[in-house]
Amino acid sequence: MDETSSVHCNTASSPDLLKDAFLLSQIYPIDPSLTPEECAGAYAKSLETGIGEGTPVFGEIRDYISREKKGVHLLTFCLKTADLLFLGIGPDGHTCSLFPGHPLLQEKSKTVAHIIDSPKPPPERVTLTYPVLNAAKDVVFVSTGSSKKDALRSILKDPNSELPAKLVEPTSGSVTWFIDQDAADGLKG
């Protein structure tokens with residue numbers, strides 16, 4: 001999910017970067033022509049009913065993979081359970097579009113929500129919520145650069161941290177971190 005509503009020819013568009021990098025056809029971008037509220041509703045519905053050719057994203061993923069013979073596909077969701085989520089963090093410890101102190105951190109019923117007052121541009125975004133993130137089987141965080149070292153120190157060293165990325169705690173899955181040396185500098189000592 002690219003929650004920033006970037007136009008897909010824009011170099012900042014995550015789906016385009018992933019398709020170029022991994023040549024995967026199962027990337028599900030949001031529809032930037034909709035308002036954030038409409039987009040969140042449409043995206044949540046599409047995850048439940050199917051995207052593109054009607055393959056449900058919330059559904060029995062293993063059956064779909066066993067029938068698929070065309071190659072590797074990134075299929076993220078499985079009946080409100082993500083098999084694998086790749087996430088990043090911001091310097092403030094946000095992940096997806098879940099920002100420190102924002103009311104969306106308390107969202108418990110929606111799988112996809114909209115935000116119109118993001119503290120980081122653009123102000124209007126669509127995001128997955130903790131019910132989806134914490135139902136994941138595996139979550140992989142990728143974080144690079146010295147601007148992330150303070151947030152990483154809080155997330156990985158402070159058991160009382162309430163930064164949004166720290167609150168990603170799969171109930172029956174795991175979290176793995178891939179960080180570079182610049183980001184890891186905050187973990188020393």
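Me: Where is the place of T35?
Reply: This is a predicted model, in which local features need pLDDT of at least 70, side-chain atom pairs count only at pLDDT 80 or more, and totals for chains, interfaces and linings use all residues. Residues are numbered from 1 along each chain as its sequence is written, and side-chain values use heavy atoms, with hydrogens and water left out. Helices (H or I, at least four residues) and strands (E, at least two) are DSSP runs, numbered from the N terminus. T35 sits in the loop between α1 (14–22) and α2 (36–49).

Me: What separates the C-alpha atoms of T35 and R125?
Reply: Along the chain, T35 and R125 are 90 residues apart. Their C-alpha atoms are separated by 9.3 Å.

Me: Is F141 buried or exposed?
Reply: Buried means under 20% relative accessible area, exposed over 50%, partly exposed in between (1.4 Å probe, protein chains only). F141 has 0% relative accessibility, so F141 counts as buried.

Me: Which residues form an aromatic pair?
Reply: Rings of Phe, Tyr and Trp (its six-membered ring) pair if their centres lie within 6.5 Å; planes under 30 degrees apart count as stacked, over 60 as edge-to-face and the rest as tilted. By this rule the count is one aromatic pair. At 4.3 Å centre to centre and 10° between the planes, the pair is stacked: F141 and W177.

Me: Which strands hold F141 and W177?
Reply: The pair links distant parts of the chain, 36 residues apart. F141 is in strand β6, and W177 is in strand β7 (residues 174–179).
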